[in-house]
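I opened the notebook to look up a few things in this structure. The entries follow in the order I took them.

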Amino acid sequence: MRRGEIVSLVAKATRKDLKTTGDIVDAFLETIKNTLVDGGKVVLDNFGAFEIVDRKERKFRNPRTGEEFFAPAYKKPSFTAARSFRELANKKD
């Protein structure tokens with residue numbers, strides 16, 4: 001599902017126009033991004049948590065030449081689903 005589909009579904013559910021709903025969805029996503037970039041964590045009850053995790057520098061080896069090289073450390077966005085969401089996703093029909 002893409003942003004436009006989300007906006008359409010939310011607009012229909014809330015009976016708001018597409019422009020207003022699009023602005024709200026954009027503001028919501030921007031707030032999440034800014035909070036994460038500033039070092040915060042975003043927790044949405046019954047859905048999950050977003051955070052930025054640090055990945056350490058890692059050593060790799062080229063299997064052909066045996067040469068070692070390093071992948072630099074970096075920050076990675078991460079999402080952990082809430083237990084209720086995981087259970088819903090794994091619910092058998």
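**Entry 1: T21**

Does T21 count as buried or exposed, and at what relative accessibility? I looked up the value. T21 has 2% relative accessibility, so T21 counts as buried, since the cut-off for buried is under 20%. I note here that this is a predicted model. I then checked where T21 sits, and found T21 in helix α2. Next I listed what T21 touches. Setting aside neighbours within four places in sequence, I have T21 in contact with V7, V10, A11, T14 and K16.

**Entry 2: α1 against α2**

I turned to the helix pair. Two packed helices are described by the angle between their axes and by the distance between those axes. For α1 and α2 I noted an angle of about 115 degrees, with the axes 9 Å apart. I logged the crossing of α1 and α2 as right-handed. From α1, the contact is made by R3, V7, S8, V10, A11 and T14. From α2, I wrote down L18, T21, G22, V25 and D26. I sorted the contact of α1 with α2 by class and got 5 nonpolar, 4 polar and 2 charged residues.

**Entry 3: the largest pocket**

I looked up the pockets next. The largest pocket has a volume of about 230 Å³. By class, I have 9 nonpolar residues in the lining, no polar ones and 1 charged.

**Entry 4: backbone, positive phi**

I went through phi last. Most residues other than glycine have a negative phi. I flagged R15, which is not a glycine and has a positive phi near 60 degrees. R15 has its place in the loop between α1 and α2. Is R15 buried or exposed? R15 counts as exposed because its relative accessibility is 78%, and the cut-off is over 50%.

N46 is not a glycine, yet its phi is positive, at about 60 degrees. I placed N46 in the loop between β1 (42-44) and β2 (48-55). At 61% relative accessibility, N46 counts as exposed.

Key: Residues are numbered from 1 along each chain as its sequence is written. This is a predicted model: local features need pLDDT of at least 70, side-chain atom pairs count only at pLDDT 80 or more; totals for chains, interfaces and linings use all residues. Side-chain values use heavy atoms; hydrogens and water are left out. On a 1 Å grid over the protein atoms alone, a cavity is a set of points where a 1.4 Å probe fits but cannot get out, and a pocket is an open set with protein on both sides within 12 Å along at least five of seven lines; lining residues have an atom within 4 Å of a point. Grid points are joined across faces, edges and corners, and a volume is the space filled by probe spheres set on the points. Ala, Val, Leu, Ile, Met, Phe, Trp, Tyr, Cys and Pro count as nonpolar, Asp, Glu, Lys and Arg as charged, and the others, Gly among them, as polar. Helices (H or I, at least four residues) and strands (E, at least two) are DSSP runs, numbered from the N terminus. Buried means under 20% relative accessible area, exposed over 50%, partly exposed in between (1.4 Å probe, protein chains only). Contact means heavy atoms within 4.5 Å. Axes are lines fitted to C-alpha atoms, for helices over the stretch in contact, and angles run from 0 to 180 degrees between N-to-C directions. A crossing is left-handed if the near helix is turned anticlockwise from the far one by less than a right angle, and right-handed if clockwise.
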